[in-house]
Amino acid sequence: MRCRSARSPPASSPRTSAPAPRSGPSAPPPSCPRSTSSPPRWATTAPSAAPAQVAAATTAYDATYYEDAIGKTGTSLKSSLHTIIRTQTKISYDAVWNALKVTDQDPANSNNVILLYSGTSRSKSLNGGDVGDWNREHVWAQSHGNFGTSAGPGTDLHHLRPADVQVNSTRGNKDFDNGGSPVSGATGSYTDSNSFEPRNADKGDVARMILYMAVRYEGDDAWANLEPNDSTTNGSVPYHGRLSVLKQWNEQDPPSAFEQRRNDIIFGTYQGNRNPFIDHPEWVEAIW
């Protein structure tokens, strides 16, 4: 299977200092996950080099919202971010429908939402459970910690996205990884028996949503302690994989204007907290 090149960073960003352009895509790891005959789709033919690092970002929230996290790394940074983002307004699962119609509105058509995994623009009115509808995708699968749809991790907009009903069903509760066969209805996405690979344009979004959940839910508020690991067989335990691949995706697909707008709306209109990895994608490497 022929490898795909990493997506270039977006043309513009609302941050006051956007990540510096990189000279090329990150080098592939020594071996491709579960590949038997060809390199992974994100690999390139360029000579081996040290992985590109996400440049430090500066945001308008650094002196206020993130004040206690600036300058920290490792467990200290993770702990500070948890303290910052755990303060949030929780919404009901029914309220998620209307919230997604705002957070994921198509910038080119205010009557539609953009679907995760496919990039399809679909009418806001087609929300439901039938073929051709879109529904509420939990990017951190509900079963990975058994939190269901109760207010809290089950309704946290920072990892809930509209997705095609059938594509959502195909993803199921699988961990994330590279590899598999093409997903019907989601060009560029792939799946196998225990993992799901989103299209290139959604890779970074997925990584930052998973890692947000790992920082937000630390087991101190009646919910399970959610953590990333490098497994693709997590089942019902409160872990989600694969961390090594999610870190690559975070670098490969920097935050887009669409993703940043979602973060702002969730913060300003619904929950009052932010996904720090959208504002500071370099914090992924600083923690993990």
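Residues are numbered from 1 along each chain as its sequence is written. In this predicted model, local features need pLDDT of at least 70, side-chain atom pairs count only at pLDDT 80 or more, totals for chains, interfaces and linings use all residues, and side-chain values use heavy atoms, with hydrogens and water left out.

**View 1. An open sheet of 3 strands has the order 1-2-3.** Its pairing is antiparallel. Strand 1 (105–106) and strand 3 (121–123) are the edge strands, each pairing on one side only. Strand 1 is joined to strand 2 (residues 109–114) by 2 bridges, and Asp106 stands opposite Asn109 in strand 2. Strands (E, at least two residues) and helices (H or I, at least four) are DSSP runs, numbered from the N terminus. Two strands pair if DSSP finds at least two bridges between them.

**View 2. Strand 4 (residues 134–138) and strand 5 run antiparallel.** The two strands are joined by 5 bridges, and Asn135 stands opposite Ala163 in strand 5. Strand 5 (residues 160–164) is mostly covered, with 5 of its 5 residues buried. Buried means under 20% relative accessible area, exposed over 50%, and partly exposed in between (1.4 Å probe, protein chains only). On one side of strand 5 lie Leu160, Pro162 and Asp164, and on the other Arg161 and Ala163; all are buried.

**View 3. An open sheet of 4 strands has the order 6-9-8-7.** Pairing in this sheet is mixed. Its edge strands, each pairing on one side only, are strand 6 (175–176) and strand 7 (181–182). Strand 6 runs parallel to strand 9 (residues 195–197), and 2 bridges join them. The bridge partner of Phe176 is Phe196 in strand 9.

**View 4. Helix 4 (residues 200–216) and helix 5 (residues 243–252) cross at roughly 125°.** Their axes come within 8 Å; axes are lines fitted to C-alpha atoms, for helices over the stretch in contact, and angles run from 0 to 180 degrees between N-to-C directions. The two helices are therefore oblique to each other: angles under 35 degrees count as roughly parallel, over 145 as roughly antiparallel, 65 to 115 as roughly perpendicular and the rest as oblique. In the contact (heavy atoms within 4.5 Å), residues of helix 4 including Asn200, Lys203, Val206 and Ile210 meet residues of helix 5 including Leu243, Trp249 and Gln252. The residues of this contact comprise 7 nonpolar, 4 polar and 2 charged. Ala, Val, Leu, Ile, Met, Phe, Trp, Tyr, Cys and Pro count as nonpolar, Asp, Glu, Lys and Arg as charged, and the others, Gly among them, as polar.
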